[in-house]
Amino acid sequence: MLDLFTIFTKGGIVLWCFRSTNQLFAPSVNALIKSVILQERSGVYDHDGLSLQYKLDNEFELVFVVAFQKILQLAYIDKFLSDVHLEFRDRYKNDLRVDNRNYGEFDFGADFRRILERAEKWGRQQATLPKQMRSYEDSAKSKKTVASMIERKGEEKPATAGASKKSVKIAEKKKTAEMVDDAAAFNGSESPGDDLIMESRKKFAEKMMGKGGKAKSDKKKSPKSPQQQKSGKQMRVWDLSSNTKDLPNLDRSKDRPEDVKSEFTANDQIIGSMRGGIQDLDVESDSEDYSEDEEDEDDDGYKEQRDRKQASGRGGMFSMFKGLVGSKNLTQEDMQPALDKLRDHLIGKNVASDIAQKLCDSVAGKLEGKVIGTFDTIAATVKNTLTEALVQILSPKRRVDILRDCLEAKRAGRPFVMSFCGVNGVGKSTNLAKICFWLIENNLSVLIAACDTFRAGAVEQLRTHMRHLNALHPAEKHGGRSMVQLYEKGYGKDAAGIAMEAIRYANESKIDVVLIDTAGRMQDNEPLMRALAKLIKVNEPDLVLFVGEALVGNEAVDQLVKFNQALADYSSSDRPHIIDGIVLTKFDTIDDKVGAAISMTYITGQPIVFVGTGQTYTDLKALNAKAVVHALMK
């Protein structure tokens, strides 16, 4: 049932290959190398109807790849890959040494068929076994962090607080009653004493009793006077009672004379501040850095430590790593405590839990079997490996130069079209205005297509941005050319049709860039997702940008996966246009919890083109991969 199994070196030399069909597998294997192995990802990779899995041997620098039909569900693939890996390296380890790499013919066919038959038999046995109860380690409860189960001071339940208050009141009442009883008993005694003191105590007791009686008497309700009686509820009369005569006042689809007069005063300081490329993002963190000095101090006490339950008390998130030092091959058991600590740290930095687990698996797969020298520590090795992987994930896989693409489209005599999509309330219109300001700063005219025909006030919001941007860059400074225009058709219209008319108008008017603003929609709303796929299919924009919040964690994975899936399923095209890039908004609200950037980029493989860092037009930055990873690793 396997279509392909191949063993090759990291340098590209094929040592052994098995093929059950005459199909050409080179494109699938090349796609696996480019999209998964070089990106240090893990799991099953689907390409052209095939499912591919791989396993690395870091000691001999080998790659084992298996391919089978995507429709098949083969439960024995992981075990089969491990068995072939162990059998091949143990049999030919002398030929695979670094100092004796004279590769010849490897007669591995008989062993391969024997291992395959054994794995298939094991798979059939596993299928007939009754379903076993899930262990605690596989349950969702085991995935909870320790921090979520700690009860902190001041987090008392309301019921407990109420009970304590009630008991205090009862105690106070008992104490007052005892004081009165003692005073009365003392007054009634016949012991000799000063009459004045006795009289004072008697008056005090009567006074205390009188207060209680007064309090009770105060609680009695006095009869209501005729003036205090409430009158019946009166109907409220609104200023605009939604009559037909109020319709002209409520209609805001067209500008009125008083609306044209904008109170916006142009800020000359921001004019010219965004010419050229966008500045890189600077991420600051208040957390303590992982220092090599602390690592050296802790290494002396834990040099041969292998107890996974004990952790050193210093060194931040890498304290688990510092006890793992040696000169032998790294194993999964050696790295497991360190990987668990690393996974919890990534989740705490707002990385989605599934992505954090996959990153840890990728680091383990890259380091397993690697020989660590005597003077190298696992702490430094794991940190460097993870940092390289994260920087590689955030680095764009293709050139992203929007200004250059806009100028090329301008020379070709057509407008450059960008479409924005995303869920509700993430800041699509606001960041569209920021990008518009950046484009007109670089002398590119922009047409904004108001395709959000659902949300009340969406068109008016874009119209206000258009006035402000034209006030910053008036037509007089650009040869009488209006730099920003708004194409609108009101509410309740077809968004795809409005976008098509806007692009046609921009082409006729020689406008350089078209920015399409779409309505916010949840990823599970099928009718709205179909409408978005129709808009992109009909108009074929040059760039489709997904706008997402930096505040989300696991939700980012669900949003991006379902948006991409909807664009692919509902486009009715052999090569659907899916998300090309990401705009990450509200980045100024998360401090150093920058994990959403990792989650979004890991899921789509597409770059983060813009980062929103505030509410003004200049609060637009480009992602600095090293700065984000630096904040993530603190």
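Rings of Phe, Tyr and Trp (for Trp, the six-membered ring) pair if their centres lie within 6.5 Å; planes under 30 degrees apart count as stacked, over 60 as edge-to-face and the rest as tilted.

I'm working on a predicted model, where local features need pLDDT of at least 70, side-chain atom pairs count only at pLDDT 80 or more, and totals for chains, interfaces and linings use all residues. Residues are numbered from 1 along each chain as its sequence is written, and side-chain values use heavy atoms, with hydrogens and water left out.

I looked up ring pairs and got 17 aromatic pairs in the structure. Phe-5 and Phe-112 make a tilted one, 5.2 Å centre to centre with 50° between the planes. Phe-5 is in strand E1 (residues 2-9) and Phe-112 in helix H3 (residues 109-128), 107 residues apart; helices (H or I, at least four residues) and strands (E, at least two) are DSSP runs, numbered from the N terminus.

Next I checked Phe-64 and Phe-88: their planes stand at 80° and their centres 6.0 Å apart, so I noted the pair as edge-to-face. Phe-64 sits in strand E5 (residues 62-69), Phe-88 in helix H2 (residues 77-91), so this pair ties together parts 24 residues apart in sequence.

Which cluster do ring pairs link? I found one that includes Phe-5, Trp-16, Phe-64, Phe-88 and Phe-112.

Last, I looked for charges over rings (NZ of Lys or CZ of Arg within 6 Å of the ring centre and within 35 degrees of the ring normal). Lys-79 has its charged end over the ring of Trp-122, 5.6 Å from the centre. Arg-530 lies over the face of Tyr-570, 4.3 Å from the ring centre.
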